[in-house]
Amino acid sequence: MEEPEPAGSPPRRFTWEEIGLRTGRGHPQQERWLVIDRKVYDISQFYRRHPGGARVISHYAGQDATDPFRAFHLDKALVRKYMNSLLIGELAPEQPSFEPSKNKLLVEDFRELRTTVERMGLLNPNHLFFFLLLLHILLLDAAAWLTIWYFGSSLLPFLFSALLLGTVQAQAGWLQHDFGHLSVFSKSKWNHLVHKFVIGHLKGAPASWWNHLHFQHHAKPNCFRKDPDVNMHPLFFALGKTLSVELGMKKKKFMPYNHQHKYFFIIGPPALVPLYFQWYIFYFAVQRRQWVDLAWMLTFYIRFFLTYLPLLGVKGLLGLFLLVRLIESNWFVWVTQMNHIPMHIDYDKNVDWFSTQLQATCNVHQSLFNDWFSGHLNFQIEHHLFPTMPRHNYWKVAPLVKSLCAKHGIEYQSKPLLTAFGDIVHSLKDSGELWLDAYLHK
């Protein structure tokens, strides 16, 4: 580990070749450096204490992290004060501000766009918008209970109540996503506090679990071994053209991947939440000693138990809970995978922030229903470029992003909702066939 520069001494100068060796892997062992605004920081000891998670910051070890730093942090001046102790020097004067392999003009144009977005006030939230979102969730939650209380527990009221509660879970999922991304309040602590309420009390999940996984996804989307959202490769699915061919050439077969577009309908949308997330969230909270999160989670299960047990009995209560999780799971998987699974999936190639996000994300056409149904994640491109931007402003920045794509010849994909759903299945079929061909013939 490098010692911080003594006060008053000239800063040490480094080259990108030196920095590129400090990834935490290989030689020199365990050293992790990164660059922000030409300053070089040694995070070898700090990364485990990083408030956003050890892995997300480690994913940029040996790289320029200027754009993700700006994208993820609200109070950058405050964060920089804490970073001073990690500062070990700066780039040598002859060195470019980011890796020579990156597109200089594109990086500069995106940073100019970021400045324009800030100047236009597009990172400023409308608190009434988010209050109304929370209110409609609470009203749907109350309506679900009133339906069974007033109409009884026969089949139709039971199913209607389950549909309402499934909607509550999906919409609360999108709302906790807003707070988790620090999009609602100007102070991080208020976002964190309400995040715990929405994901913990309204959904029964730990905020720390979501933070741990989701920030990694945003830092390196669709990058195998860095984005946990593609960890289903290769155990369950063969994802992306490159990785599927590689898997086939290595003669690896954990599943019959050439049929994955069929078994996706069994182990994908219906199973993820009720059969995996439901138990794993408790394991995560206990194993990592997240006792505050666990307490918030328990308030959800206690409330659900106390409100529905007198109306439905034990069997009816468990049946309702499972049905709600099934509805939520289907809703969640189709919406979250439509923007990423059909896109480019590969190892991290350390390309610029704009290209990293555009090659891994696509949009779904804007409409009032699509906005509501997906929690505005139909604007996935804009969300990934500006993760702290409040979702009601995505449509305003979209023309500027399209213009930058057109200038640099980068495809800006947007499609109808049902086409986006279908593309998940088509891409799984294509990658499964690529795997089979490589498995048999290469």
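The side chain of Thr 356 lies 2.8 Å from the backbone oxygen of Asp 352, a polar contact (N or O atoms within 3.5 Å, one able to donate a hydrogen and the other to accept it). The model is predicted; local features need pLDDT of at least 70, side-chain atom pairs count only at pLDDT 80 or more, and totals for chains, interfaces and linings use all residues. Residues are numbered from 1 along each chain as its sequence is written, and side-chain values use heavy atoms, without hydrogens and water.

Thr 356 sits in helix α14 (residues 353-360). Helices are DSSP runs of H or I with at least four residues, numbered from the N terminus. Thr 356 is buried, at 5% relative accessible area; buried means under 20% (1.4 Å probe, protein chains only). Leaving out residues up to four places away in sequence, Thr 356 touches Pro 221 and Val 351. Contact means heavy atoms within 4.5 Å.

Next, a helix pair. The axes of α7 and α9 come within 12 Å and cross at roughly 75 degrees. Axes are lines fitted to C-alpha atoms over the stretch in contact. The two helices are therefore roughly perpendicular (65 to 115 degrees).

| Helix | Range | Residues in the contact |
|---|---|---|
| α7 | residues 155-180 | Gln 176, His 177, Gly 180 |
| α9 | residues 207-219 | Trp 210, Asn 211, His 214, Phe 215, His 218 |

Finally, the aromatic rings. The structure holds 39 aromatic pairs, with ring centres within 6.5 Å.

Notes
Axes are lines fitted to C-alpha atoms, for helices over the stretch in contact, and angles run from 0 to 180 degrees between N-to-C directions. Angles under 35 degrees count as roughly parallel, over 145 as roughly antiparallel, 65 to 115 as roughly perpendicular and the rest as oblique. Buried means under 20% relative accessible area, exposed over 50%, partly exposed in between (1.4 Å probe, protein chains only). Rings of Phe, Tyr and Trp (its six-membered ring) pair if their centres lie within 6.5 Å; planes under 30 degrees apart count as stacked, over 60 as edge-to-face and the rest as tilted.
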